[in-house]
Amino acid sequence: MEAGMVTPAPALVRFSGIQKTYDGEHLVVKNLDLDIRKGEFITLLGPSGSGKTTTLMMLAGFEVPTHGEIYLSGRPIKNMPPHKRDIGMVFQNYALFPHLTIAENIAFPLSVRKTNKADVEERVGSALRMIKMETLAHRRPGQLSGGQQQRVALARALVFNPQLVLMDEPLGALDKRLREQMQLEIKQLHETMGITVVYVTHDQSEALTMSDRIAVFNDGIVQQIDKPDALYEHPVNSFVAHFIGENNVLAGTVETVDKDYCRVALAAGGTVTARAINISGAGASTSLSVRPERITIIPDGSSSDGPNRLPAKVQNTIYLGDHALAVLDVSGNAEFMVKLQPGAHDSLTHGANVFVTFRPEDCLALDPV
Amino acid sequence: MTDALLTGGNASTEVPLKRRLRRAERTRQVKALALVLPLLVFLLFTFAGPIAGMLWRAVDDREVRQVLPQTVAALADWDGKDLPDEKAYAALASDIVAARASGTIAIAAKRLNYALNGFRTILTSTARNLKTMPEPGAAKETLGKINAAWRERATWTTIRDASGPITGFYLLAALDLVRNVDGAIVAAPPDQAIYRSLFTRTFIISLSVTALCLILGFPVAYLLATLPPGRSNLLMIFVLLPFWTSLLVRTCAWIVLLQSKGVVNDSLHWLGIIDEPLRLIYNRFGVCVAMTHVLLPFMILPLYSSMKAISPAYMRAAASLGAPPFTAFLRIYLPQTLPGIGAGSLLVFILALGYYITPALVGGAADQMISYFIALYTTETANWGLASALGAVLLLATILLALVYGKLVQGQQVTGGMKN
């Protein structure tokens, strides 16, 4: 599953057989095994209710696993209170203490550790310089913008050099432009300081931008842990294929399997060749997954032979600036998206009959949806 | 429309624009005022008016002036060093004869008796014995014969000091001060000096009750603010339940519980903890217990609302940053509840200052607060001047406290307050 880590660093955190239930009936986290390496930026990605935040809270010490053990630097920490874990955390709404100034907020983790005064001052000063907010040291959190509060929260979580930093959807409250800027800043901090970061988000583009590895959560189970490009190119199941990036789905039945490839008969007629990724064998139903940018539209009448050539009807075209989308009706899927060069959509008339084609290696046969 | 827009930036049209703005805002202000007018009028007649009237009575002093007008006029230019001259005696004699005829002598006698014990006897005996106006030039001698007190300077300074129309007499009395024969302000004789210790006692009882309410109310408010809504609503009903019964009933319930044959003493006796019943009521203990019980909701509710506004994320953040629970409470939670602590304490303290029924029912003689004496002077002895003066001093102290509190709270808001 883990594609090509060159230097496997030792695991800083190990989740071992973790289960968590709140009501004694439903498992929010089902049997989690996860290693987090020193110095890596790992993102727990998944829809709400998938167990990613619960996993983070168990690591922080605010929730206790129902079963299993968590190890931090080789020590079991299941029953260790949060304040002894030496884990910095950035919260969803920053949780900056409103009655303290920015400098006092950043000094807080140092002062509860009884650091001497000169040292506190020096480290708070350098933290403020790091986030470029020296001039705002004596403001209160309520007087700062969202982005500034976010930076302070970050500085506060980093100033005591924790062995691990947790971030719980820290950019959720910011607008898009600021969010993208902060993503880069956090990524840069991670690289320059060499810290280990566990980041929780439901935003897949955020995960792709920042992470060394992404753990995709669904239904209390880690569906796949991999590097961002591997997740995109080689999803192990339909959920991951759907959740990461855009994706077209075609339902069908496996006819024959030949090593890595298989022939699939589509439910609406026609057959295609696809890579056999997650199918149980001939006769099983499957969902085919094709990325929009891997599809070519062939105007009606032009004679081109290809293994995967399906008739399609143009429903709509959408212009998006840097690219355009064609919405087609292909084999019963009326929202089949094809990514085009900007301008290419002009030649497509609504209701026109065309063909779509894609390479067999770009078409993945996955578990049925 | 377009013309107005085009000339909008012109200096000459700026003034009309401002005036238009003022006019528009004035209409809104008038409307707002009209809406609150009924309440304002109501408050004026039922609240501001009576209070102002009451405060006025603390300095109002016209009884002697009305009954003995000639004497007051004759004493206006008396230097007060020796006995007044014959003219003043004649004026007094004439006033007494007139007052006796109209039956108003008791009004002046009552007022003068406040200032000088025994003045009532002096005045009534003089009135009784002065059958007719004395011969011209013999008034001094005649009055001196009827009552030797007329030969004393203090008798005359008392009349002069009570001649009004306004006086500091009652306010000074409320602070245990009097004017002596020479007009200087001195401490009242020890047997009359009770009000300063009374104010002290009132403040000490109020402070104790406030402290007790804070100690008992803080955990309850914390529980209310942190429990899931269903259970916290149930608890909230229990907190508010006392409001559904009358103050009198609640106070009397404490008498039943705490008296020497009451529930508490019987239980303790049955458990073998005590042999003799403890004295739990008609003393300071009973007053504090009953008042704390009655005032507790006024502490819990402001505390609850300030705690409700504190996100649980703060405590989690403090823990994740390495603060043990108690440190996190002390440095993160407690400071954020300060506005609630301030509001609750001020509310309880001010309410406690004016408490009357509870101490009157469950307190002993040494536990009566200032309100008891205000009520006493208003209803029993009809010494409205002193009652008003005590009320005025209490009101002043309360206003000062409220101002100090306001300053503290304002300082807090400037430095962050409840934002975020």
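Helices (H or I, at least four residues) and strands (E, at least two) are DSSP runs, numbered from the N terminus. Two strands pair if DSSP finds at least two bridges between them. This is a predicted model, where local features need pLDDT of at least 70, side-chain atom pairs count only at pLDDT 80 or more, and totals for chains, interfaces and linings use all residues. Residues are numbered from 1 along each chain as its sequence is written, while chains are lettered from A and ligands numbered from 1 in the order in which they are written.

Start with confidence. The predictor expresses it for each residue as pLDDT, from 0 to 100. Chain A has a mean pLDDT of 89, and 95% of its residues reach 70 or more. Residues 1–6 of chain A fall below 50; this stretch has eight contacts in the model beyond near neighbours in sequence. Here, two residues are in contact if their C-beta atoms, placed from the backbone, lie within 7 Å. Chain B averages a pLDDT of 87, and 94% of its residues score at least 70. Within chain B, confidence is lowest in helix α1 (residues 2–6), at a mean of 46. It is highest in helix α11 (residues 195–226) of chain B, at 94. Residues 1–9 of chain B have pLDDT below 50, with two contacts beyond near neighbours in sequence. Residues 414–420 of chain B are also below 50, but that stretch has 14 such contacts. For the complex, the predictor gives an ipTM of 0.82 and a pTM of 0.78.

Now look at the strands of chain A. Strand β12 (residues 261–266) and strand β13 (residues 271–276) of chain A pair in the antiparallel sense over five bridges. One bridge joins A:Ala265 to A:Thr271 in β13(A). Four residues lie between the strands of this hairpin, and A:Gly269 takes a positive phi near 100°. β13(A) has another pairing, with strand β20 (residues 363–366) of chain A, in the parallel sense over two bridges. There, A:Ala276 has A:Ala365 in β20(A) as its bridge partner.

Move on to an open sheet in chain A. Five strands form it, in the order β15-β19-β16-β17-β18, and the pairing is antiparallel. β15 (296–299) and β18 (333–340) of chain A stand at the edges, each with a single partner strand, so one side of each is left without a neighbour in the sheet. From one strand to the next, the twist averages 45°. That angle is taken between N-to-C directions, from 0 to 180 degrees, with axes fitted as lines to C-alpha atoms. β15(A) pairs with strand β19 (residues 353–357) of chain A in the antiparallel sense over four bridges. A:Pro299 stands opposite A:Val354 in β19(A).

Next, pick out one residue. A:Lys20 lies in strand β1 (residues 11–21) of chain A. Is A:Lys20 buried or exposed? A residue is buried if 20 or more other C-beta atoms lie within 10 Å of its own, exposed if 12 or fewer, and partly exposed in between, with C-beta atoms placed from the backbone. A:Lys20 has 21 other C-beta atoms within 10 Å, so A:Lys20 is buried. Leaving aside neighbours within four places in sequence, its contacts include A:Leu27, A:Val29, A:Met58 and A:Glu63. A:Lys20 and A:Thr55 are 35 residues apart in sequence, yet 8.6 Å apart in space, C-alpha to C-alpha.

Turn to chain B. Its secondary structure comes to 20 helices and two strands. The radius of gyration of chain B is 31 Å, well over the 22 Å that the globule rule gives for 420 residues, so chain B is more spread out than a compact globule. This radius is taken over C-alpha atoms, and the rule is 2.2 Å times the number of residues to the power 0.38. Along its principal axes, the C-alpha trace of chain B spans about 100 × 95 × 35 Å. Buried residues make up 30% of chain B. In helix α6 (residues 105–115) of chain B, the buried residues are B:Ile105, B:Ala108, B:Ala109, B:Arg111 and B:Leu112. They pack against α3 (63–67), α5 (86–102), α7 (119–129) and α9 (153–161) of chain B.

Finally, see where the chains meet. 23 residues of chain A are in contact with 19 residues of chain B. On the side of chain A that touches chain B, β6 (87–90) and α2 (102–111) of chain A each supply at least two residues. β6(A) gives the most, with three residues.
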